Amino acid sequence: MAPKELNALVLQGGGALGAYQAGAFSALDKARFSFDWVAGISIGAINAALICGNSQKDRIPALEAFWNRITTTRPALAPFWTLAGRHAVSEMAAAEVMMAGAPGFFRPRFPSTVWPLGPKPALSIYDTSPLEATLIELVDFDLLNDHGPRLSIGATDVETGNFTYFDSRTTRIDVRHIMASGALPPGFPPVEIDGRYYWDGGLVSNTPLQYVMEQAEGDQPLCVLQIDLFNARGTVPTDVLDVQQREKDIRYSSRTRLTTDRYRELHALRVAADRLAAKLPEDLRDDEDLALLRAAGPSCPVTLVHLIHRKEGFEGSGKDYEFSRQSMSDHWAAGQKDVTRTLTHPSWTSRVVGTDGLQVFDLGTQGK
């Protein structure tokens, strides 16, 4: 009988692209995939709070309510509904968000509060109090802390520049922690928690994968589903706007690749140390230096599943703040498709749970 896995969901930051995570989770939920631990950064922290702060039957309705509230409808002009036309509409939607904000999420401040020579200049371009009200309405924080899956939220300390994790195992999570994880400057203001000020965790790392791997305990097999919103691979840009998008993809996806490669190396080091220990005389097997090498990486078998949002043809450089209802629906559907393809792929259905080491699967999109 295969050992029971501890399932962890890891959600990267990426603004409007977070609808891909919501769609992916809806497909995972439909497949009866349950999670013991959810970790998130920025929009990933918001999605994580909506998941952990609702009972199982209410999680999808909460995600739907959030994503419908913060997106706007704009008419689809049929004559222009070609790929180029759709791209133009998407860019206009992103520009509109920059000017007017996103409902239930953020709104622009009056110019007098942003102007640095004013009596009390603001620390952000936008006011995020609408997001606070939305989260308080849609997330049951008592349920999240007392009964929900373990929740880990990453943020950046403004003064030290250090990464900080708020973990429901050790901290009672409230709306401030979720807001802090998504407080991306200069758009959003820092969030004060117990005398410290925090910005978006993505300033240091856009994925909580490293934290989950480092905090893994015991010998129980760990299955990590990492849902990324930026793809490391791409083509050479053809214009300046494409340069901006490609730069953003590389910058925000790099930590996932770095962490995955690091833990492959740590596992190889651990295995080599175990082989070396077997060759040594008995009196040297308890050497402290050898013990340190044998403790490298998680002690449990790890399965890492990559679900990566791939660039849609209509997306532009403002894809992470393009909050149109049409794009949200498209990203949601893409997440559902990639999960379905992964869970039905022969490589996944034939895997052996508990296989020693790090197994990595990236099966969501074929041929990309």
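Q: How many cavities of 30 Å³ or more does the count come to?
A: This is a predicted model, in which local features need pLDDT of at least 70, side-chain atom pairs count only at pLDDT 80 or more, and totals for chains, interfaces and linings use all residues. Residues are numbered from 1 along each chain as its sequence is written, and side-chain values use heavy atoms, with hydrogens and water left out. A cavity is a set of points, on a 1 Å grid over the protein atoms alone, where a 1.4 Å probe fits but cannot get out. By this rule, the number of cavities of 30 Å³ or more is three.

Q: Which helices each supply at least two residues of the lining of the largest cavity?
A: The largest cavity holds about 50 Å³ of space, a volume being the space filled by probe spheres set on grid points joined across faces, edges and corners. Its lining residues (an atom within 4 Å of a point) are F25, D29, F33, S34, F35, I51, Q56, R59 and P149. Helices are DSSP runs of H or I with at least four residues, numbered from the N terminus. Those supplying at least two lining residues each are α1 (19–30) and α3 (56–70).

Q: Which residues lie nearest the centre of the largest pocket?
A: A pocket is an open set of points with protein on both sides within 12 Å along at least five of seven lines. The largest pocket has a volume of about 670 Å³, and its lining has 16 nonpolar, eight polar and three charged residues. Of the 27 lining residues, the ones nearest the centre are L184, G187, F188, D320 and Y321.

Q: Is C52 buried or exposed?
A: The count of disulfides (pairs of cysteine sulfur atoms within 2.5 Å) comes to zero. C52 is in no disulfide, and the nearest cysteine sulfur, that of C223, is 16 Å away. Buried means under 20% relative accessible area, exposed over 50% and partly exposed in between, with a 1.4 Å probe and protein chains only. Because its relative accessible area is 0%, C52 is buried.

How values were computed. Ala, Val, Leu, Ile, Met, Phe, Trp, Tyr, Cys and Pro count as nonpolar, Asp, Glu, Lys and Arg as charged, and the others, Gly among them, as polar.
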